[in-house]
Amino acid sequence: MIRDGGPVSVERYMALCNEHYYATRDPLGVAGDFTTAPEISQMFGEIVGAALADCWLRAGAPPDAVYAELGPGRGTLAADVLRVMAKARLRPAVHFVETSPVLRAEQAKRVPGAKWHDSLDDLPDAPMLLVANEFFDALPVRQWVGDKERRVAVEEAGLVFTVEGAIREDSPARETAMKAIAARLARHGGVALIIDYGHARSGEGDTLQAVHGHAFADLLASPGEQDLTAHVDFEALGRAAEGVAVTPVVSQGEWLGRLGIDARTRALNAAHADREDEIAAERQRLCDPAQMGELFKVMAVHSHNWPSPAGWP
Ligand code: SAH
C-alpha cells in the first residue's frame with residue numbers, strides 16, 4: 001500500500017497493523033505475545049467486579065444496568081467480573097465491543113449470552129458498568145516532530161520513519177472513544193473504569209512499542225504480526241470526558257490495595273493452601289511498583305447522578 005500510495009501516518013500504520021494482528025490470532029498468554037492482568041490472576045477481575053457492583057448498589061441498583069467491556073480479550077476479565085456481580089444479585093446483560101472474530105469466539109466460550117458490537121456507538125441506551133482494560137493502548141496514536149506528522153515510508157531496505165527527533169504523541173481515536181463513553185454515561189447513567197499502562201500527565205516522548213513473543217521488537221518489522229501499543233495519556237482522556245465526573249488517576253497497585261487485594265489473597269490462600277506461592281507471585285505481579293503496579297493506572301468516569309466508585313483517596 002505504501003509502495004503504491006506513498007507514506008502513511010504512524011497513526012494509520014498502527015491502525016492497519018493492529019487490525020490485521022487482532023483479527024488473525026489470540027495474542028494473549030504464554031504461547032502468545034503478551035499477558036494482561038486478568039490473565040495473571042482471577043483477583044484482578046474479582047476486584048473490578050466488586051468495585052462496579054458496589055457502585056451500582058450505591059446508585060440504587062438500577063435493574064436495567066448493563067455490563068459493557070471494550071476489547072475483552074479472551075473474556076477472562078468479564079467471567080471473573082460477572083461471577084462476583086452475581087453475589088451482589090447483579091446479573092446484567094453483557095455487551096462486548098470487539099472487532100476480532102478470533103477473540104469473539106474465545107469470549108463466547110467464557111461468557112455465553114454476550115452480545116457483540118463493532119463500535120461503542122452500538123451499545124444499548126441503558127445505565128452502564130463499563131470496563132476497558134488494555135483497550136486504549138491498542139488504539140492508534142499520531143506522532144509529531146515539531147509540526148511535522150511522522151509517517152512510515154518504504155525504502156530499498158524496508159520500512160522507515162520519515163522524520164526523527166523529539167516526538168510528541170496524541171490520539172484522536174482515543175479521544176473519540178472517550179467522548180463516546182462520556183456521552184453515554186451522561187445520558188443514561190453509569191460508571192466506566194479505564195485501566196491501562198501510561199502516564200497521569202501529558203508529556204513529550206516516543207512511547208510506541210512493538211511486542212512479539214513477550215519481548216520488545218522492531219516497530220517496522222513484520223507489520224501486522226506483532227502487537228503495537230503506545231502509552232495512554234490519561235490527562236488527555238480526562239479532558240475528552242465531557243459532561244461526567246472524572247476521578248484522579250491512581251496506580252494499579254494502589255487501587256488494588258485500597259480495594260482489598262491483600263484480603264482476597266489471604267482468602268484464596270486459605271482455600272488453596274497448595275497454591276500459596278503462586279497466589280503471592282500473582283499478587284506481586286499485579287501490584288509491585290517494579291512490575292505492573294506503578295506503570296498501569298486506573299481512572300474512572302461516572303455520570304453526575306451516580307456515586308464515585310471506591311478505590312480513590
Ligand atoms: N482486555 C483484554 C484484552 C486486551 S488486548 C485483557 O485485558 O486481557 C486488546 C483488545 O482490544 C483485544 O480484544 C482486541 O481485539 C481489542 N481491540 C483492539 N482494537 C480494537 C478496536 N479498534 N475496536 C474494538 N476492539 C479492539
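**View 1. The largest pocket and the elements that line it.**
The largest pocket of this predicted model holds about 840 Å³ of space. Its lining is made up of 38 residues, and those closest to the centre of the pocket are G71, T99, F135, A138 and L139. Four helices, α2 (10-23), α3 (37-40), α5 (76-87) and α7 (172-188), each contribute at least two residues to this lining, and the largest share, six residues, is supplied by α2. When the lining of the largest pocket is divided by residue class, 20 residues are nonpolar, ten are polar and eight are charged.

**View 2. The second largest pocket and its lining.**
About 510 Å³ of space lies in the second largest pocket, which is lined by 19 residues, with F34, T35, E134, Q209 and F296 the closest to its centre. At least two lining residues come from each of the strands β12 (209-212), β13 (215-217) and β14 (227-229), and at least two likewise from the helix α12 (292-295). By class, the lining of the second largest pocket consists of nine nonpolar, five polar and five charged residues.

Apart from neighbours within four places in sequence, the residues in contact with H302 are L185, G190, V191, V244, A245, P307, S308 and P309. One of these, S308, also makes a polar contact through its side chain with the side chain of H302, at 3.1 Å.

**View 3. R104 in helix α6 and the residues around it.**
R104 is located in helix α6, which covers residues 101-110, and it counts as partly exposed, with a relative accessibility of 24%. Beyond the residues up to four places away in sequence, R104 touches E98, W116, H117 and D118. For E98, the backbone oxygen lies 2.8 Å from a polar atom of the R104 side chain. The view also takes in G75, which is 29 residues from R104 in sequence, while the C-alpha atoms of R104 and G75 are 8.4 Å apart in space.

At 71% relative accessibility, R89 counts as exposed, because the limit for exposed residues is over 50%. The relative accessible area of H214 is 41%, so H214 is partly exposed.

Technical notes:
Residues numbered from 1 in each chain as written. Predicted model: local features only at pLDDT ≥ 70, side-chain atom pairs only at ≥ 80, totals over all residues. Heavy atoms only, no water. Polar contact = N/O pair within 3.5 Å; in protein donor to acceptor, adjacent residues only side chain to side chain. Contact = heavy atoms within 4.5 Å. 1 Å grid on protein atoms, 1.4 Å probe; cavity = no way out; pocket = protein on both sides within 12 Å on 5 of 7 lines; lining within 4 Å. Points joined across faces, edges and corners; volume = space filled by probe spheres on them. Nonpolar A, V, L, I, M, F, W, Y, C, P; charged D, E, K, R; others polar. Buried < 20%, exposed > 50% of the residue type's maximum accessible area, 1.4 Å probe, protein only.
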